Amino acid sequence: MTDRTAGLEALEGRLAKDLSLLELPSKPWVPARSHDGQRVRDVIFVGAGMCGLAGAARLKLSGVENIVLYDAAPEGFEGPWETFAQMKTLRSPKTLSGPCLGLPALTFRAWFEAQWGEAAFDEMDKIPKGMWMDYLRWYRAVLALPVVNETRVTLVEDAGEGLIAVRLQDGTGTRVEVCRHLVLATGRSGLGGGATPDFLTGIDGRFWAHSADDIDFDALEAKRVIVIGAGASAMDNAAAALEAGAAQVDMLIRRKEMPRINKMTGIGSQGVVHGMRYLPDAWKYRFNDYVNDEQVPPPRTSTLRVTRHDNARIFLGCPVEDVIEAGGQLLVKTPFTTFEADYVIAATGFRNDFTGRDEFASFSGYIRTWKDGIYEPAMGSAKPFMTDAPYLGEAYEFLEKQPGTCPMLARIHCFNDAAMLSHGKLSGDIPAISAGADRLMRGIVAELFAADVETHFAGLQAYDTPELQGDEWVDATPSLLEVAK
């Protein structure tokens with residue numbers, strides 16, 4: 001046994017003891033249900049990345065064990081870390097507690113120090129992204145979370161009786177499972193996926209990709225590459241292209257100045273974590289509008305990773321006006337010149353309009369968004385990814401645009417980046433994910449209990465295990481009757 005293995009086993013023993021001291025997981029308490037002879041899941045998660053794992057873990061610890069997480073990726077490759085994320089390290093500070101759910105032994109730091117020691121942790125600057133993925137793999141294993149990989153959700157429908165039918169596809173074919181609550185833990189891509197600029201919609205897919213796509217960077221060797229955007233993913237993708245041997249990488253940035261200050265970092269607090277949800281809608285929008293106007297800067301290390309290359313150029317105040325495919329290359333028009341390129345990477349963010357998400361088609365049109373009577377011009381500028389964002393309830397559940405048109409929405413929870421405008425950054429980033437998972441759990445647990453209130457009351461009435469055996473006392477009242485005679 002290696003020292004690393006021994007250290008990890010000791011940590012797992014410590015975690016098991018902590019859970020025992022806290023009486024976790026709680027005993028199962030949700031009554032079993034069936035539908036057409038099929039077992040009904042209490043909760044199905046779509047996605048088993050960090051948000052899905054944290055949400056499922058919090059429910060399991062609360063005694064809701066009839067859950068399952070489905071993810072289209074192969075085991076161990078859920079989320080962006082080993083797929084489209086091109087950064088070398090995480091951007092979050094290494095000391096953040098992350099998805100530990102209030103359990104010190106479940107933190108990344110505890111996991112790291114158990115294997116490499118405190119001194120190594122002190123020496124480390126930022127967490128390597130591959131190491132973070134290894135931590136999440138351990139997190140899934142040590143909590144025995146029920147993840148089913150290489151399974152895609154292809155359709156969601158109302159099954160009646162307060163149930164949701166989820167059609168699944170894997171290597172063996174198609175099947176349908178039924179659940180009481182559905183959690184969309186779909187990460188950064190949220191509800192609609194990457195936002196594609198209009199000038200790229202007619203361009204052959206051989207010549208461009210969104211930064212969230214699976215890009216073959218090796219194929220960019222000796223190519224002229226243009227990256228659109230100034231955020232972290234833009235820098236990371238530009239660096240990946242340069243490191244793959246691209247002949248030239250030009251970054252075209254609409255802003256005249258590079259964003260330099262991460263504004264939300266300056267006010268990070270438990271007040272923000274727990275209070276943002278309860279602000280008036282105008283204040284929620286105002287905070288998000290300001291942060292997006294200011295933009296989060298790319299990390300210094302990511303920027304230097306690009307600019308250390310002599311064949312990298314950054315053009316500020318140089319928005320793309322049009323892209324034309326001609327003669328096996330792309331002509332990228334800007335106010336100053338037309339660039340010739342072999343490939344374009346659009347690091348242009350994400351959208352919330354459900355376009356291309358056929359699996360959600362049965363309910364997406366009924367969802368209330370911020371543009372459905374919530375947003376007003378006085379709140380700030382009308383940014384589509386914000387006004388298209390869902391206007392969510394207390395447990396991240398969708399709300400109906402018109403009451404009574406799609407009751408199923410009350411049991412579908414948007415636990416992903418699209419929830420930010422309604423709930424703050426509790427369901428997409430590392431800093432507050434435990435608080436987000438706790439909020440999700442409390443809402444689902446309350447709904448599950450209320451839905452079965454008659455069953456629970458019947459259980460209350462039927463419970464007949466005595467705590468007193470009847471021989472612990474003597475009734476003295478007869479002695480009073482003797483005295484009265």
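**Labels and their grounds**

Author: The place of Q295 is in the loop between α9 (281-294) and α10 (300-307). The model is a predicted one, and its values are computed from that model.

Reader: Why is E161 called exposed?

Author: The relative accessible area of E161 is 58%. Exposed means over 50%, so E161 with its 58% is exposed.

Reader: Where do glycines take a positive phi?

Author: G117, which follows α3, has a positive phi near 95°. G327 takes a positive phi near 60° in the hairpin of β12 and β13, where two residues lie between the strands.

Reader: How do you know that β12 and β13 are paired?

Author: Strand β12 (residues 322-326) is joined to strand β13 (residues 329-333) by five bridges, and the two run antiparallel. Pairing requires at least two bridges, so five bridges make β12 and β13 a pair. One example is I324, whose bridge partner in β13 is L331.

Reader: What makes β13 and β14 a pair?

Author: Four bridges link β13 to strand β14 (residues 338-341), in the antiparallel sense. The requirement is at least two, and therefore β13 and β14 pair. L331 stands opposite E340 in β14. The hairpin from β13 to β14 goes through four residues.

Reader: How many disulfides are there?

Author: The count is zero. A disulfide is a covalent bond between the sulfur atoms of two cysteines.

Reader: Why is V46 called buried?

Author: V46 has a relative accessible area of 11%. Since the limit is under 20%, V46 is buried. V46 belongs to strand β2 (residues 38-46).

Reader: Which residues does V46 contact beyond its neighbours within four places in sequence?

Author: They are Y70, V153, L182, V183, L184, A185 and T186. Contact means heavy atoms within 4.5 Å. V153 is 107 residues from V46 along the chain, yet their C-alpha atoms are separated by 7.2 Å.

Reader: What does G194 touch, leaving out residues up to four places away in sequence?

Author: G194 touches H210, G349, F350 and R351. The loop holding G194 lies between β7 (173-184) and β8 (208-210). G194 and T5 are 189 residues apart along the chain, and their C-alpha atoms are separated by 40 Å.

Reader: Which residues of α3 are buried?

Author: In helix α3 (residues 108-116) they are F108, A110, W111, F112, E113 and Q115. Their cover includes α1 (3-21), α4 (118-123) and α5 (129-142).

Reader: What makes the bond between L24 and P25 cis?

Author: Omega between L24 and P25 is about -5°, and the peptide bond is cis. P25 lies in the loop between α1 and β1 (34-35).

Reader: How many helices and strands does the chain have, and what part of it is buried?

Author: The chain has 16 helices and 16 strands. Of its 485 residues, 48% are buried. Among contacts with a separation of 6 or more, 72% are between residues 24 or more positions apart.

Reader: What box do the C-alpha atoms fill, and how many charged side chains are there?

Author: Along the principal axes the box is roughly 115 × 60 × 50 Å. There are 49 positive and 66 negative side chains, and the centres of the two sets lie 5 Å apart.

Terms used: Residues are numbered from 1 along each chain as its sequence is written. This is a predicted model: local features need pLDDT of at least 70, side-chain atom pairs count only at pLDDT 80 or more; totals for chains, interfaces and linings use all residues. Side-chain values use heavy atoms; hydrogens and water are left out. A disulfide is a pair of cysteine sulfur atoms within 2.5 Å. Buried means under 20% relative accessible area, exposed over 50%, partly exposed in between (1.4 Å probe, protein chains only). Lys and Arg count as positive and Asp and Glu as negative; His and the chain ends are not counted. The place of a charge is taken as NZ of Lys, CZ of Arg, CG of Asp or CD of Glu.
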